[in-house]
Amino acid sequence: MITLASMGSVAPMTPAMPANIQVTLALAIILFAIGLVGFLTRRNMILMFLSTELMFQAAALAFVAFGRMWMDLSGQLMVIFILTVAAAEAALALGLVVLLYRRKETLSSEAWAELKE
Amino acid sequence: MSTVAIIALASAFVTHATAHTPTASMEPALLTTLALALGDGAQAVADGHVADAAHAVHATSGYADVGPLHFVKAVANTDFAWLKWMLLAPLVSVILCGAMAMFKVKGRLPALFTVATFGLSTAMAIALYFQFGPTLFATHAPLTVPFMDWLSLTWGPGPFQSFTANLGFYIDGISMLWMLFVTVLATLIALYASEYMESDLKAGYARFFFAVSLFVTSMLILVMSDNLVGLYLGWEGVGLCSYMLIGYYATQPGATAAAKKAFIMNRIGDLGLALAIFLIWTNYGTVQYDSLFQAIAGSTSEAVQGGWSKAAIPFLLLLAVCGKSAQGPLFTWLPDAMWGPTPVSALIHAATMVTAGIYLLARMAPFYTVQAIGPEWAETALLTVGWIGCFTAFIGATIACGQFDYKRVFAYSTISSLGYMVMGLGVGTAFGGVYYVFTHAWFKALLFLTAGAVMHGMAGQVDFRKLGGLLRVPGFRLTMICMLLGCLWLATAPFSAAAESKDIILLTALTSNVQQVQWMGWIGVLTAGITAYYAFRVWFRLALGPVKIEPGADQHADHGHDDHAGHADHAHSGADAHAGHGAAHGGGFHPHAPGFRISLVLTLLAIGSVLAGLPSYLAHSQGFNWIQRFVQNSSAWMRAGNSEEHGQILGRDAHSTLFVIATSVVVAGFLLAWILHAKNRALGDRLRASMLNTTGLKWIPLGSEHGWYVDQFYNAIIGVPAWLGAQLLAFTDRFVIDGVIVAAIGRFPGFVARVFQPLYTGTVQSYALTMAGGIGLIVAWVVWVWLSGGAS
C-alpha cells in the first residue's frame, strides 16, 4: 500500500474528515443514480453510453473519497486506471455505435432487440 | 475350452467302460458309475475291492505313472555366448528387408540377405550340434546361456516374490533338434522363394522376405528361450508372421479373410498358453524351465497340491497346441492358410509354425506326469492329448480324400500328420512324436514345394482334375518324381522314413496296456490306409494318364480377364515369366518349367526326406537312434519309462505284426487309389457320381469335400449369434443410446432455455434494470443487516 506517510513528504494523519467524505460520497451516489436512470430511460445508444460514463465517474469519485479518507494514494491510482480504461472504451464504444448505425440507419437500441434469440 | 472338457469327460467315460471285467456283477457296475461320477478310478470298484482311487489308476495302467522323473540340472556356460548371433542374424535380415520394404527398394537383395542370414544360422546350429552335442549326450545336462536381461522383478525376499524372465537360451535335445531342422529347411525354402516370388519383384518382394525373416527369428526365440515368457514371445511372433504371410496377397478378400481366421483361431490357443503360464507361475513361482522341471521332479504324486489350478495347466497347454498345431476343434485355419504364397505354406506347414505346438507338448511333458498333477488328472490329460491327436488325424485324412485342390489335400494331410504327432505324445512316446516331426518336416516341405512348382508352372491351376500326365510334360519330370517320393513318404510306404517314425507311435499305442490307447492305435492304422489313398489320388491324377493342361487364372490376367477370384497365387501374374506365353490363350499354353533354384531345392529336400529315415536304419547296427538321443536328453524324456516297452499285438510279436498290418493297410489304400484314379478313372468318377445320387451315401463325398461342414458349424454356433448380437448392439446404440440417452442429454438444456427465454426481451434497458434491481436487493439486504446489527 502506497501511503503519503511512507513517501515521507506528508506527516501521517488519522483517518478523519467525516463531513467531507459524506458529501463526496453523496455526490457520487447522485451521479451514479443519474447515470443509471439515464441508461434505463434512454433508447439512444449515444446517450446510453454517456450515462455509463456518468456511472463510471461516480465510481471514480468514490475511489477518490475513500482514498482521501484513508490517506492512501491507491484510490487516486485507481482513478487514473479508470480514466485510461474509460478513454479506450469510449473510443471502442463510439466506434461500435457508428458501425451499428451504419447497419440500421438508426441509433435506437431497440433496433437490435432480435439479438435476444 | 468346453470341447476339451467334453473330450476329457468322454475319455473318462471310456476308461470306465473298458474297466469292466466279465465277472463284474450288476452292483459293482452301478458302483462304477457312481465312482465315475465322483471322479474316482473305476477299476478299483470294478475289481470288487474299493481301494484308494489313486492306487487304482496306478494299478490299471502304469501309463500316466512312469516312476521317478529323470531330471538333470542345466549347466550354465558362457562359452556359447555366440549363440545369440543365431538369433541376431535373421534379425539383421528383418531390419534390412523391413527398411527396403519401407523405402520400396526393388531388386533381389532381400532374398540374398534372407538366404545368407538363414544360412549363417544353419551353420551355427550345426556348429552347436558338434560342439555341444557330445557333451549333452554324455552328461545329459542341458545348457543354459544367458543373453540379455529382460524382465527381472523382485518385491520381497520370499519364494513367490520375484519374477524372472530374461532372454536366455536353454539348449537340450529337442531345442537343438528343432534349431537344426528349422534353420536348414528355412534356408532351403527361402532359396526356393527367391525364385518363386520373382513375379512379385516390383511389389512385395522385400515385404515377403521381411515377414519370412521375422518368422524364423520368432521360431528360434520360441525354441531357444529358457523360460515360458520367452517362448510366449516367439509363439506370438510366429502367429503374427503367419498372419502377415497368409494375407500376403492383401488385395484379395479371400487372403485377408484367411489371415484373420488363422490369427483369431491362434488367439484362442494363445489364451490357453497365457493362462497356463499364469497358473504355472502361481503354482511354482517361476517360469524358468530348469527350476520348473526341478520342482516337478522333486515332488511326488502323493504330495501334489494345488487342486484345479495345477490340473488345469496341461489342458490349457493342450488348448495352445490345438491352436498352433491345428488340432481338434481349432484346425480349420490351416487349410485356409493356403492363400499364402506356396513357400509360406511349406514354411508354416512343415518346418516352423505348426511344429511349435509339438515342441510345446514335448517341452512341457513333465506337466503331464503324476508328479505334477497327481495320478487322476495325469491319465486324463494324457488320454485327452491322445484322443485329440487321434481324432484330428482321422478327420484330417477323411477330409483330404474329398478335396480337388492338391494344395488343400496336402494341407489336410498336415493336419492329419500333426494329429499323429500329438497322439504320439499322448500315448507316451515322445520319441515317436518328435521323430515324426523331423521326418514330416522334410517330406511335407518337399510336397508343398512340388505343389508350388506345378502351380507356378500352370499359371496357378490348383485343381488336379484340370491337369494330368505331367510326368510326360518336359521340365516337370523331376517335380513329379519328387512329388511321388513325397506321396510315398506321406503314405508311410514300408521302410520309408515316415513309416519308421509313424510306426513307433502306432507300436506304442497298440502295445499299450490301456484299452483306450489301443483303440487310438487301431484308428491310427486305419488313418494310415486313408492317407495312402488320398496321397496317391493326387499323384495319379496329376502325373499319370493323358497329358491335360488347363492353365489357371494367372494367365487370364494377362488378357485382363481377371474374373477368376479363385486361388491364392493368382496374384502373381502381371508382367512375370508367364507374360511370354500370355498371348497363347487356351490351347497354346506352354507350362513354365521350374528353374534351377527350385529344382535344386526340390532335389535337396528329396535327399533330406530319404536321409531322414537313416537314424532308424542305422539304429539296428549302431544300437541307438540319432533322433532318440535328442529326445532322451530333453524334458520330453523326463516321463520316459514305459514308452519303449514292446508288448504284443493281437497276441503276436509286436514289431512284425505291426509291420504286416500297416503295410497291408497302406498297400490297400494305394491299390484303391490306383484303381480309381490311375487304371480306371471313369470308374472313380462314376463311383463318386453314384454316391452323390444315393440319398444315404450323399453325405460322404459332400461332407468330405466341405470339411465335414466344420466351418459352417462354427459359423452357425459362433458367427451367426455374434452377428445377431452385433445387430442387437447396433440397434441399441443407434436407437437407445443415441436416440434416447444422448439426445435427451443434448436437448435438456434446450428445453430449459425455452422455458426462460421469454424473460429475454432483447431490450438492453431491461437487462440493466434487472442488474439494478439485483444491486438494489443487495443494498437493501446490507442496510437491513446494518440496521438490525446496529440496533443490537
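Is the crossing of α19(B) and α20(B) left-handed or right-handed? The crossing is left-handed, a term applied if the near helix is turned anticlockwise from the far one by less than a right angle. The model is predicted: local features need pLDDT of at least 70, side-chain atom pairs count only at pLDDT 80 or more, and totals for chains, interfaces and linings use all residues. Residues are numbered from 1 along each chain as its sequence is written, with chains lettered from A and ligands numbered from 1 in the order in which they are written.

Helices α19 (residues 430–457) and α20 (residues 477–490) of chain B pack at an angle of about 145 degrees, their axes lying 9 Å apart. Axes are lines fitted to C-alpha atoms, for helices over the stretch in contact, and angles run from 0 to 180 degrees between N-to-C directions; helices (H or I, at least four residues) and strands (E, at least two) are DSSP runs, numbered from the N terminus. Contributors to the contact include B:F443 and B:L447 of α19(B) and B:M483 and B:W489 of α20(B), contact being defined by C-beta atoms, placed from the backbone, within 7 Å. This contact of α19(B) with α20(B) has 10 nonpolar, three polar and no charged residues (Ala, Val, Leu, Ile, Met, Phe, Trp, Tyr, Cys and Pro are nonpolar; Asp, Glu, Lys and Arg charged; the others, Gly among them, polar).

Chain B also holds an open sheet of three strands in the order β1-β2-β3, with mixed pairing; two strands pair if DSSP finds at least two bridges between them. Strand β2 (residues 143–154) of chain B runs antiparallel to β3(B) and is joined to it by nine bridges.

How values were computed: Two residues are in contact if their C-beta atoms, placed from the backbone, lie within 7 Å.
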